[in-house]
Amino acid sequence: MALENQLDVETAIGGVAHQIQSSQLIHHHLYQGSPSQLPHHLQSFNSSFSTSSSELESLDKERDQAESQDRIRPTGIHSLEPLLLRYIFSFLAIQHYDYLNHRTHTLYNHLGPVSLVCKSWNNIASPLLWQERTFHGWKAGEELNVFLQLTENADFSSTHEYGEFVKRIEIIDSHDVVDKQNGQFVINWITPDVVLALSEHCSKRLRDLTLVFATGRQVSTEQEEGLIPWGSLAESCRRLFMLSLTNYICPILPPGNGHPFHMFAAHTNPLTELVLKRCKNIPADTFQQLARTCGKALTKLVLLDSDENLGAPEMIEFARHCPNLRHLNVSWIETVSPKINDEALLELTTNCLRLEYISLLDANEISDLSFQTLAKLRYLRNLILPRAGTTQSGMAFRQESLILLAKSCKRLEQLHLVAPGATTSRFFEALLFCPHLQVLVIVELCKGLLIDQRFKTLGLAKYVDPETVEAYKLVWHKKT
């Protein structure tokens, strides 16, 4: 039995040796023999095998070279991606609050030295550095001239076309700069040539334009060379969404399509924000055209210290064509009687249901009929009606309307009213439905009706407004 097992093991070992010897022979023919001596299918296999092996060797060499280069070259600031560099540069930005338009802007004025480091940093920093340009103060004229020269000569002497980076421009005329040669005040930085240059060289990405004219001398003649080219600005700046004008005196010209500002109203891009403060002589047709042009895009409308050309029909036009309006602030100059009436307010509360801020400083022709419709504005946060609801005008608001307003507009943060009914216990109980109330201003027409303890429960603290001449005007602020 042991002998048989030994013979089987020897036989198995001999078979394995024979297989190894035959495989070595084939290997010898594949790698050392001539290709012509091999069969046809082995020749093709040998050629493909040699080709693939050479490709693998070349790939290995390239990988080894790349790894050696990575080990030699250190990782530095220039190896970072542009997106990461832009994020790093954003820490040099400062937040600036715009008191004219009540907005916060991000300024990158400290990126000037960064743009001079190298070409790659300049390509990243320049768009951030030039997107916000503000000109005001003593050096406004000089800085504005340098800016216009850079934008006009960008093709010849500059690295970039800087005008294409500009998204917001603010120019404020100075009242204190004196021309030493002529002894006259130089207060008009905003000239037709400046506006024309902006429309030609900064129109690609301009979104926000703020112009604050001086209250003194302005060009407002019938000569074409003295008029601001509003039409060119509207046709060139197709991305303009925010326009703010202060102290602008519109030239007295025949109304119609030939009026320069009316041309702007007809051809401008639909604006999202329109701010006109102390602007005079703007035709009524131009206001209506602005309402039709802006349409659903308009969300903020500010018309402060307007003249007699702005009336109830113009406000009705804005209410009908601008249903997405959220911020409304309207007032008139002292010599003009307010034009907001029940019809205008009814159109606003019917069409503009997303209103969050309403300030009608001079609205004393609003009766309880239209006031009670304010309860439909569920998003209302600020309501300022300091001259409405007086008993002198015969349009006092009913207590039921005040209670309905407090219970319906639960997001109220600021409320400014003239109403005797606002001092009753029922109105106080309704204010409990407004947990976000921060400021409550009441011009109390019936003295002695206000009980301090009621409003202390709301977390409001009382103080007397120092600017008021009436001793019965009370202001309540949220405790901090």
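One definition before we start. Buried means under 20% relative accessible area, exposed means over 50%, and partly exposed is in between. Hold on to that scale. And please remember that this is a predicted model.

Is Arg 278 buried, partly exposed or exposed? Its relative accessibility is 39%, so Arg 278 counts as partly exposed. Where is it? Look at the loop between strand 9, residues 273-277, and helix 10. Arg 278 also has a positive phi, about 55°, although it is not a glycine. Why point that out? Because most residues other than glycine have a negative phi.

With a relative accessible area of 29%, Asn 281 is partly exposed.

Now step into helix 10, which covers residues 284-294 and holds Gln 289. Gln 289 has a relative accessible area of 16%, so it is buried. What does it touch? Leaving out residues up to four places away in sequence, Gln 289 touches His 262, Ala 265 and Ala 266.

Strand 9 and strand 10, residues 300-306, each supply at least two of the lining residues. By type, the lining has five nonpolar residues, one polar and two charged. The volume is about 30 Å³. How many cavities of 30 Å³ or more are there in the whole structure? The search finds one.

Next, an open space: the second largest pocket, with about 320 Å³. It is lined by 16 residues, and the closest to its centre are Asn 109, Glu 132, Arg 133, Thr 134 and Phe 135. Four elements each give at least two residues to the lining: helix 4 (119-130), strand 3 (132-135), helix 5 (140-152) and strand 4 (168-172). The lining divides into seven nonpolar, four polar and five charged residues.

On to the core. The largest nonpolar core has 102 residues. Which of them have the most contacts inside it? Ile 171, Leu 245, Leu 360 and Ile 366. Helix 4 gives the most to this core, with six residues. Take Leu 360 as an example. Setting aside neighbours within four places in sequence, Leu 360 is in contact with Leu 328, Val 330, Ile 340, Leu 345, Ile 366, Ile 384, Leu 385 and Pro 386.

Leu 345 brings us to helix 12, residues 342-351, where it is one of the buried residues. Asp 342, Ala 344, Glu 347, Leu 348 and Thr 349 are buried there as well. What covers them? The cover includes helix 11 (312-321), strand 11 (327-332), strand 12 (357-360) and helix 13 (368-371).

Last, the whole chain. It has 16 helices and 17 strands. Of its 480 residues, 44% count as buried. Among contacts between residues at least 6 apart in sequence, 72% join residues at least 24 apart.

Definitions and conventions:
Residues numbered from 1 in each chain as written. Predicted model: local features only at pLDDT ≥ 70, side-chain atom pairs only at ≥ 80, totals over all residues. Heavy atoms only, no water. 1 Å grid on protein atoms, 1.4 Å probe; cavity = no way out; pocket = protein on both sides within 12 Å on 5 of 7 lines; lining within 4 Å. Points joined across faces, edges and corners; volume = space filled by probe spheres on them. Nonpolar A, V, L, I, M, F, W, Y, C, P; charged D, E, K, R; others polar. Core = buried A, V, L, I, M, F, W, Y, C linked by side-chain atoms within 4.5 Å. Buried < 20%, exposed > 50% of the residue type's maximum accessible area, 1.4 Å probe, protein only. Contact = heavy atoms within 4.5 Å.
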